[in-house]
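Here is a briefing for a first look at this protein. Keep the sequence and the 3D view side by side as you read.

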Amino acid sequence: MSRGMVHFFRRRDWIGRIHLALTLFGLPCTVCTPGVRSAISCSSYHPFRTSQAIRPISTSCCNLYTTSVETMPSSAAPHVKSRCVQYPGSKIQRFLVPDDKVDWSQNWPQYNPVSYTHPSVVNKPAWADPDIDSFSPKFNAVDGAVDRTSFDDSYKIEEGKPLNPHGRTGVTGRGLLGRWGPNHAADPIVTRWKLDAKGEKIFHSVSKLPILQFVSIKRKDCGEWAIPGGMVDPGEQVSLTLQREFSEEALNTLAISPSERAKISERITELFKSTGFQVYKGYVDDPRNTDNAWMETIAVNFHDDSGNSVSELTLQAGDDAGQVQWVDVDSSFLLYANHSHFLELVSKERKAHW
């Protein structure tokens, strides 16, 4: 064994011993090891956006979606992005939480998270809840126009505040999120087949499967390609949120004339009335999450199989998008947050290349 290899294994043993000692004493570990993912990227599922993007949340799900491929279950592994060292849009440092201390069932007297709520939330905009001491929300229930139920069953309440069902994050309060408890979003995944000049499907040279394309936006805030999506308005059906967000972000319907908007709306409505494939429904590992507020979403695939619906529309980026275009679905294409996994499930459902 070379001297360099000996040094490497000795270093790994040294790091492991430090990690073990800190864990035994219940202290946060700042050494970058697999057990404490302190060096992870803080790319959020829905990036830090304007107040319009983090407006009030409520869901009223209708049964428009089929799920022939098993919906992606909530991960049993500890959330990772929800523990990124620096809270997004701030200089706040999280109290570092090792993997074995994430679950609330683990006794950890030394846990001392920082309390943080972004000024945009503290200023009491219409899309945000008041401070927990100044109102009495009905958690785990539909509270007026606001749906405070979770896709992950009931969550616990401690000292009047909801507890993140996936465990500790190193920050209390609401951070950038408007609602105490679950904050609901919707992500429309619009796909079509990639066709040649004769209108025939193009098959991948390796997998021999047809290639799907999906509408992707390039975020202005982080520069990453993503699925268009956004928050559900109070009392709004998720099916309408999916349609609205796609229209605003991928077709920029807010900036066109009423007559043009009506033509586009007809095409969009036709596609979104079709039976969609529910790709995911549940908790989102998002860096904006805190111990008391977290993101949840429904991702639904709407497929233009014939290519004569949205495929013929001109894509135009909305306010939150720098670019928008049809992109080949492929595992090598890097996507923002866990959107790649959503597309992998879509590919399996459509028996397409991944």
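A residue is called buried under 20% relative accessible area, exposed over 50%, and partly exposed in between, using a 1.4 Å probe and protein chains only. By that rule, Arg148 and Asp129 are both buried. This is a predicted model: local features need pLDDT of at least 70, side-chain atom pairs count only at pLDDT 80 or more, and totals for chains, interfaces and linings use all residues. Residues are numbered from 1 along each chain as its sequence is written, and side-chain values use heavy atoms, with hydrogens and water left out.

**Overall make-up**

- The protein has five helices and 14 strands. These are DSSP runs numbered from the N terminus: helices are H or I with at least four residues, strands are E with at least two.
- Of the 354 residues in the protein, 52% are buried.
- The protein exposes about 16,700 Å², and 52% of that comes from carbon and sulfur atoms. Accessible areas come from the Shrake-Rupley method with a 1.4 Å probe; for residues, only the protein chains shown count as cover.
- Contact means heavy atoms within 4.5 Å. Among contacts between residues at least 6 apart in sequence, 73% join residues at least 24 apart.

- A salt bridge puts a side-chain nitrogen of Lys or Arg within 4 Å of a carboxyl oxygen of Asp or Glu. The structure holds ten of them.
- Arg148 and Asp129 form one, at 2.9 Å from N to O. Arg148 sits in the loop between strand 4 (146–147) and strand 5 (157–158), while Asp129 sits in the loop between helix 2 (119–122) and strand 3 (142–143), 19 residues apart.
- Asp129 also meets Arg179 in a salt bridge, at 2.5 Å from N to O. Arg179 lies in the loop between strand 7 (171–175) and strand 8, so this pair ties together parts that are 50 residues apart in sequence. Both Asp129 and Arg179 are buried.
- Arg148 pairs with Asp143 too, at 3.0 Å from N to O. Arg148 has a relative accessible area of 3%, and Asp143 counts as buried at 18%.
- Through shared partners, salt bridges join Asp129, Asp143, Arg148 and Arg179 into one network.

**Nonpolar cores**

- A nonpolar core is a set of buried Ala, Val, Leu, Ile, Met, Phe, Trp, Tyr and Cys residues joined through side-chain atoms within 4.5 Å.
- The largest core has 24 residues, and Ile189, Phe214, Val279 and Phe342 touch the most other members. Strand 8 (181–193), strand 9 (212–219), strand 12 (276–284), strand 13 (293–304) and helix 5 (339–350) each supply at least two of its residues.
- Beyond its neighbours within four places in sequence, Ile189 has contacts that include Ile227, Val279, Phe342 and Val346.
- A second, separate core has 23 residues, among them Ala186, Val190, Ile256 and Ile298.

**Helix 4**

- Ile264, Ile268, Leu271 and Phe272 are buried in helix 4. The buried residues of this helix pack against strand 8, helix 3 and strand 13.

**An exposed glycine**

- Gly235 lies in the loop between strand 11 (230–231) and helix 3 (238–250). At 51% relative accessibility, Gly235 counts as exposed.
- The C-alpha atoms of Gly235 and Asp147 are 8.0 Å apart, although 88 residues separate the two along the chain.
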